Amino acid sequence: MVQDVVEHLLEKIKDSLGNGETIELRGFGTFEPRLRKAKSSARNPKTGETIKIKASKVPGFKAAKALKEAVK
């Protein structure tokens, strides 16, 4: 029962982030999509080849003050 609720919540968070929305869970934190900048010069560690990395969206999380205090 609890597992179903948690799985549903995580699915909703994933869907919302995919749509560019921000999710705030008061007292816990905020999930938001972030833009990772493109990199013009990166190196493939396996081959040593210089490559370009495109800009991309990544999920971000910022912990709420209450969560940070609870962890201290």
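Does Glu-69 count as buried, exposed or partly exposed, and at what relative accessibility? At 46% relative accessibility, Glu-69 is partly exposed. Buried means under 20% relative accessible area, exposed over 50%, and partly exposed in between (1.4 Å probe, protein chains only).

The model is predicted: local features need pLDDT of at least 70, side-chain atom pairs count only at pLDDT 80 or more, and totals for chains, interfaces and linings use all residues. Residues are numbered from 1 along each chain as its sequence is written, and side-chain values use heavy atoms, with hydrogens and water left out.

**Salt bridges**

A salt bridge is a side-chain nitrogen of Lys or Arg within 4 Å of a carboxyl oxygen of Asp or Glu. The count is four. The table includes three of them.

| Pair | N to O distance |
|---|---|
| Lys-14 and Glu-11 | 3.6 Å |
| Arg-34 and Glu-32 | 3.3 Å |
| Glu-69 and Lys-72 | 3.8 Å |

Lys-14 and Glu-11 both lie in helix H1 (residues 2–18), three residues apart, about one turn of the helix. Lys-14 is exposed at 52%; Glu-11 is partly exposed at 37%. Arg-34 is partly exposed at 38%, and so is Glu-32, at 27%. Lys-72, the partner of Glu-69, is exposed at 77%.

**Hairpin**

Helices (H or I, at least four residues) and strands (E, at least two) are DSSP runs, numbered from the N terminus. Two strands pair if DSSP finds at least two bridges between them. Strands E3 (residues 39–43) and E4 (residues 50–53) run antiparallel, joined by three bridges. Ala-42 has Ile-51 in E4 as its bridge partner. Six residues lie between the strands of this hairpin, where Gly-48 takes a positive phi near 80°.
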